[in-house]
Amino acid sequence: MANLKDIKNRIQSVQSTKKITRAMKMVAAAKVKRAENAVKASRPFTAELNTMFSKLLNSLGALDKFSVNINQPINNYPKLLKSRPVNEAGILVLTSNKGLAGAYNANVIRKTIKLIEDYAEQGIKCKLFVVGQKGISALRKKCKNLNCEIVGEYLSIANEPTPEGANIITNDIAGYFVEEKIDRIEIVTTRFKNMMSYYTEDWIVLPVQKPALENEHHIDPLMEFEPNKESILQKIVPLYITNIIYQALLEAQASELASRMTAMSAATSNAEKMLTELSIQYNKTRQFAITQEIIEVVSGANAQS
């Protein structure tokens, strides 16, 4: 049977851990509501942008006929919209900088590795753009044995998703795609469902895909462009790609915080159960020690009489 000092030390250790997990749960709970509101607020804009972009694509002629003035890769919409055979693939992976978020990071990394292995079976090498320290650390080790390499790392963006951060990633992946270093780019992220659940997804970002709409057969393809199609496309294509990445960052942050809140809540409950069990064990051990001492005193007294 464990001695009283060992049990007492363990009780103090569990109590300290419980304070930490409870504090982390409260912090995550405070942040997750704001993240959830940001996700819900951005979804209507994303849906409307998808509708407008789909109408625009339905109204276009051959993209190769357009003469464009390109000053950076993100403005080269003919290439960004055009599919080509995939020899190298790019994967944008969204993870967090911090752990203790349940299976959140593990699920994203697992799906990424599965995607890399699927590409490897086709003889396609992958280039990775990784958001978050957890993904960078895990995939850097995995890439030694897999057919991939990390070409972009983003730490600060994982802390607080912003349109500016999404724009940085957009410019990077557009540069690789336009220069034909990568022929397809996908995002591996999570879709926030509610406070208790999320699910991992992968979205194709480049080449730009026509959005799937529920009422697509009602779309009127007749549109007038002012000043011209080229100017409209050079504005809408970068906005559309950046919004996809920004929406993915918001969904990922909400999923991470919800997962952390759930994990810390479970850890706090487990700590409370352990404290109850340890208290019972401590009292039994203490009672046993007192009884043992009484028996020894009585035995000694009887021996002297």
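Mentor: Start with a bridge: Phe-129 has Gly-152 in S3 as its bridge partner. Strands pair if DSSP finds at least two bridges between them, and strands (E, at least two residues) and helices (H or I, at least four) are DSSP runs numbered from the N terminus. Keep in mind that this is a predicted model, where local features need pLDDT of at least 70, side-chain atom pairs count only at pLDDT 80 or more, and totals for chains, interfaces and linings use all residues. Residues are numbered from 1 along each chain as its sequence is written, and side-chain values use heavy atoms, with hydrogens and water left out.

Trainee: How many bridges join S2 to S3?
Mentor: There are 6, and the two strands run parallel. Between them the chain passes through helix H4 (residues 133-142) in a right-handed β-α-β crossover; right-handed means that, with the strands pointing away from the viewer, the path from the first strand over the helix to the second runs clockwise.

Trainee: Is Phe-129 buried or exposed?
Mentor: Buried means under 20% relative accessible area, exposed over 50%, and partly exposed in between (1.4 Å probe, protein chains only). Phe-129 has 1%, so it counts as buried.

Trainee: And how do I read an aromatic pair?
Mentor: You describe it by the distance of the centres and the angle of the planes. Rings of Phe, Tyr and Trp (its six-membered ring) pair with centres within 6.5 Å; planes under 30 degrees apart are stacked, over 60 edge-to-face, the rest tilted. Phe-129 and Tyr-176 are edge-to-face, at 5.3 Å and 85 degrees.
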